[in-house]
Amino acid sequence: MTTTVAAEAPPLRVERLTLAQGLARAADGDRPFAALSYGAGSDSSWVSGVAARVLLDKEPVVDLWHAGTPVQSGTTGVVRWRTDGHWLLGVVDLDEDAFGEDLTALSRRAYRNLFEAMKLAGCPHLLRIWNYLPRINADGGGMERYRQFNAGRQQAFLEAGQAAFEGAPAACALGVHEGALCVRFLAGRIPPVPVENPRQVSAYHYPADYGPRSPTFSRAALAALGGGQVALFISGTASIVGHKSVHAGDVQAQLAETLVNLRSVIEAANQRTSARFSLERSDPVVYVRHPADAPGIRAQLVQALGARSRFIRHAVFLEADICRSDLLVEIEAHATEAGELTD
Ligand code: 3EB
């Protein structure tokens, strides 16, 4: 008699380096599973860049993702992806003029293809999505472009039978000044544990004042990575209490409120795992609407988190528009710690 032992997923690992370090590493023959860079792209097919300016005279950074081998790559509609059979990292870089569709239809198309790729790869669970929309706050013909995006995104989730409300993946949605509609995603074989923030209304339950279809994301997601490690993906977090933006026009107060929100969602996450996450030990991306605010934002973060914290050492500051025009700063982060999920 033979017994079939279910193949254990190879552990997924992430490390943040400068883009130059990451490319040098790969040139030495140590090519990662895939890489998501912040602030610049590269000519390498396994690196996906975001066309947003790095602030504070810093270098672009890259998150190198390491998984199992062999890596298979392919294209499904507008999605390019790489998989080791257990984890899937994919990218959409969509020229908005290519299909003659409005942003609602394009977003729906991008997400439909993304879900098709996940099905093909056998990775049906979305863990984390990064969305970058050119001119996010501009009018798209009777509706703000972010709202059009939300409409197409939610429609695609529902059509694919994906969790569009409770159980939605962690995400962020930022505006870039020009370039392609860019969506990057990480999927796997096991559903993540969604985490909400007790200080905030769940985004998927925002009232219709913010658009006809609500945004599709959880405030954070926990995922077992294998090898005894747990990941916490913290969605883009801003100065929102309940469902309202607070401290309009006051970047310092918005940042302080954002930090309270980040600590609150991390505390909620820690209740679902034996791992102990902290803001200080995370790898953040700080999105800043007005570049002139960046030095003050950095100083306030150093004050709050310590110059020697991993957060400050690894932070990248990008010029980006936030999805509500009254918001001036938004922070996303991820972290991995030893532990297990307790749900
Ligand atoms: C917010 O809390 C701020 O549409 O995917 C944060 C994270 C925000 C993700 C998204 C939007 C998204 O509503 C904006």
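## Close-up views of a predicted model

**View 1. The largest pocket and the residues that line it.** The lining of the largest pocket divides into 12 nonpolar, six polar and six charged residues. This structure is a predicted model, and the pocket shown here has a computed volume of about 320 Å³. Of the 24 residues in its lining, Tyr 146, Tyr 206, Ile 240, Cys 323 and Arg 324 are the ones that lie nearest the centre of the pocket. At least two lining residues each are supplied by α3 (145–159), β9 (170–176) and β13 (229–237). Which element gives the largest share of this lining? That element is α3, from which four residues of the lining come.

View 2. How far from an oxygen atom of the ligand is a polar side-chain atom of Tyr 146? The distance for Tyr 146 is 2.5 Å, while a polar side-chain atom of Arg 153 is found 2.7 Å from an oxygen atom of the ligand. For Tyr 206, an N or O atom in the side chain is 2.6 Å from a ligand oxygen atom. On its own the ligand has 360 Å² of accessible area, and the protein covers 100% of that area.

View 3. Rolling a probe the size of a water molecule over the atoms shows where empty space is left. When the whole structure is searched, one cavity of 30 Å³ or more is found, and the volume of the largest cavity is about 40 Å³. Which residues line the largest cavity? They are Arg 16, Tyr 38, Arg 128, Trp 130, Asp 283, Pro 284, Val 285, Glu 332, Ala 333 and His 334. Two or more residues of this lining are given by each of the elements β8 (125–134), β16 (283–288) and β19 (329–338). Sorted by class, the lining of the largest cavity holds five nonpolar, one polar and four charged residues.

View 4. An unreviewed UniProt entry lists residues 63–187 as "domain: Chorismatase FkbO/Hyg5-like N-terminal".

View 5. Most residues other than glycine have a negative phi, and most peptide bonds are trans. Is the peptide bond from Thr 69 to Pro 70 cis or trans? The bond between Thr 69 and Pro 70 is cis, and its omega is near -5°; Pro 70 itself belongs to the loop between β4 (61–66) and β5 (72–76). Arg 135, a residue other than glycine, has a positive phi, near 50°, and Arg 135 is placed in the loop between β8 and α3.

Notes: Residues are numbered from 1 along each chain as its sequence is written. This is a predicted model: local features need pLDDT of at least 70, side-chain atom pairs count only at pLDDT 80 or more; totals for chains, interfaces and linings use all residues. Side-chain values use heavy atoms; hydrogens and water are left out. On a 1 Å grid over the protein atoms alone, a cavity is a set of points where a 1.4 Å probe fits but cannot get out, and a pocket is an open set with protein on both sides within 12 Å along at least five of seven lines; lining residues have an atom within 4 Å of a point. Grid points are joined across faces, edges and corners, and a volume is the space filled by probe spheres set on the points. Ala, Val, Leu, Ile, Met, Phe, Trp, Tyr, Cys and Pro count as nonpolar, Asp, Glu, Lys and Arg as charged, and the others, Gly among them, as polar. UniProt positions are given in the numbering used here, feature names are shortened, and annotations may be inferred rather than shown by experiment. A polar contact is a pair of N or O atoms within 3.5 Å; within protein, one must be able to donate a hydrogen and the other to accept it, and residues adjacent in sequence count only if both atoms are side-chain atoms. Accessible areas come from the Shrake-Rupley method with a 1.4 Å probe; for residues, only the protein chains shown count as cover.
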